[in-house]
Amino acid sequence: MKIADILAAFLYKPEIVEVWKMAEGGGKHPEERERVMRDSNLAYSLRANFTSLMRQLENRVHEMETYLNQFLTIDELLRVDMMDDPRGKINMILRYVLRRNESEREAFMRHLIENNYITENDLQEFIHIPDFPEYRVLTAEDFNRPDNQRLVERELEVTTILDYLFERHLIDLDEYEEIRKANSRIEQVRILLAILQNRRDGSWTSKFCYILTKFGHQKILAGMQSITNQRQTGMQDIDIPVFGRTLKLDTDNQTQIALREQSAGDLNNQWQYDDHRIIGTRPGCVEFMLISGSNKACEILDNDDKEEKCRTFLQNLTSMPAVKKTLKPGQIFKIKVQMFDCSLPLVAEENAKNMDCNLAIKICKANLIGDLKVEVIMNLLVEHDMINQFTVAKLSATSDENLKKEYLIYLLGSSEENILRKILSKARESETLQAFINHIEQWRCIECYRKTLLTFSQSVEDEIDTKIMINTLKGENDVPDLLTNVCIDKANSISRGDRAKLFLQYILTNENILMRFAAVFATMCKMVLTHTSCLYCSKDKST
C-alpha cells in the first residue's frame, strides 16, 4: 500500500474527523466557536498576563474576599491575609492559582471575566522575546566570572525583573518562588545567576540581557562588557557627597538650653542656603552639615578657609529670629571642625525609647516566633476584641504551628498602638511571655536600632534598593534635594551601591527619616537584624 493511501485511510477515520471538527469548531456558529477556543485557552492565559493581571487587580483584591474564601485553602488564606501590600497580595493569590489544575485555573479566569474584573480583550497571547544578536556578546560564562558576579551582586535589583522573567518563560514557577523566598537581595541574585548557569543557552542569555536593558539595568551590561574587555567599569562618574562631615560651633550653656527648645526642622524652614543643613544641637555646640554634591565642598573642611566657612554660617545663623532671641550681647562663639561621630547618640536619653510597639514588633518578628505562646496570645487578642471567631476558627483549622505564630505576630504588629500597649501590659503578667516582651522592649529604642544599622552597615547597604529609598522618602518634606536627585532621580545612571551608601549615611543623621526607614525596611526586606545595644541601654545593663 502506498504512503498516500495509508494517510488517506487514517485521516478519514470517523473519530479523527470528529477531533478535527472539535478543534476547528466545525459545525458551530462562529460566536460559539470563539467561546470554545477562548475557554480552552483561559487556563494558560494567566501566566501570559501575569504582570498585567496584577496591575488590574491590585486595587480590587479586597472585592474578591468571598470568592477566595471558597477557592483557597485555610493556610493560603492566612498567608494572603498577612500581606498588607495589595500588589504583593494579588501576586500571592495568582501563584496559588497557578498551582491548581487546568479546570480550576480556567474557573478562576472565568470568574474574573464574568464579574468584570477584566475583559476578554485585556488578555493577550504569549509574547515571545526575540533573540537579539547584539546581546549575544555576553555569554553565560561571562556572568560566571568572579569580577562580573561581584558587579551583578552589587547592582542588580532582582524584584524589578522577576515577574517579567516568569511571565516570559525564562524561569518556571518553582524557580520564581525560590527567588522570592530568599532572605536577602544578594541571595536572590545568586540564585538567578545559578539558574543562568544551568541553562547554558546563548538564546536564554540574550533574552535575559534584553530584559536587563528593558528595566533600566543597562549600566550592569556596560560594566560587564568593560570588565570583559579589560577596561574600566563603565559607570557614570559623579560627585557623591559624604553625609556625616559636620561643622560645629561652640556656644555657652544658656544658648545651648535655649537652642534645644528649637527643632532642627523649624530652623531649617528659615534657612536659605542649600549647601548646609542644621541637624540639631548637642552639648556644647550647634551642629550643621555640608550637603553639597561637589568634592570641593567636602574637602573644604581640610582647607585654611574652613574657619571662614564657619564664620559665614555663624553670621547667617545668628541673624535668624528664632536663634537671635537666644543670644546675649557680646556672646563669644568658639569654632571647631570635625567629622560627625556616628557613635554619639542622635537623641537625648529620655527620648530614646520612642519607637511604637507595633513598629518594634515588625522589626523583630523573626525573633519572636520561638518565644510566642499561641494560646496565651490568642486569648489576649480575643479579650481585647482584636480577633473575631471566624479568624480563630481559621487558625484552629491549620496544623502549621509556625503559621499560627506568624499570623498572631502580624495581628499584633498591625494593631492600634494604644490597644497594643494594653495587650502587652497584660502579657507582662504571664511568666511564659517574659522573653517575648523583652524582645519587643529592646527594639523600642531608636538609638539601639541606629547602632544596629551602624554595626551591620554593609549588610544593610546590600539590601537597600530603589523601592526602599522611594518609600522611605515618600511624603517627607525636610529632605535635601541633593539626596532625592542622586538616590532616586538618577537611579538609572548611578550605581545602586553608591546610592545605598549615601542614603544610609543620611538617614543615620535624621531621627524622623530613620524612623520612617525602620518601618519600610521591616516590611520590604527579609533581613533579620541582630540587636545591638546603644550607649544608653548598655549603661542600663551594666548597672
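Analyst: A salt bridge here is a side-chain nitrogen of Lys or Arg within 4 Å of a carboxyl oxygen of Asp or Glu. The model is predicted.

User: What makes R450 and E447 a salt bridge?

Analyst: Their closest N and O atoms are 3.4 Å apart. The cut-off is 4 Å, so the pair qualifies. Both residues sit in helix α28 (residues 446-455), three residues apart, which is about one helical turn.

User: Why is R450 called buried?

Analyst: Buried means under 20% relative accessible area. R450 has 2%, so the label holds. E447, at 5%, is buried as well.

User: What makes R190 and E153 a salt bridge?

Analyst: The closest N and O atoms are 3.0 Å apart. That is within 4 Å, so the pair counts. R190 lies in helix α13 (residues 185-199) and E153 in helix α10 (residues 146-155), so the contact ties together parts 37 residues apart in sequence.

User: Is R190 buried, exposed or partly exposed, and why?

Analyst: R190 has 48% relative accessibility. Exposed needs over 50% and buried needs under 20%, so R190 is partly exposed. E153 is at 13%, so E153 is buried.

User: Which parts of the chain does the pair of D400 and R79 link?

Analyst: The two side chains meet in a salt bridge at 3.5 Å, N to O. D400 is in the loop between α24 (389-397) and α25 (401-414), and R79 is in helix α6 (residues 74-81), 321 residues apart. D400 is partly exposed at 26%, and R79 is partly exposed at 28%.

User: How many salt bridges does a search of the whole structure find?

Analyst: The search finds 22.

Methods
Residues are numbered from 1 along each chain as its sequence is written. This is a predicted model: local features need pLDDT of at least 70, side-chain atom pairs count only at pLDDT 80 or more; totals for chains, interfaces and linings use all residues. Side-chain values use heavy atoms; hydrogens and water are left out. Helices (H or I, at least four residues) and strands (E, at least two) are DSSP runs, numbered from the N terminus. Buried means under 20% relative accessible area, exposed over 50%, partly exposed in between (1.4 Å probe, protein chains only).
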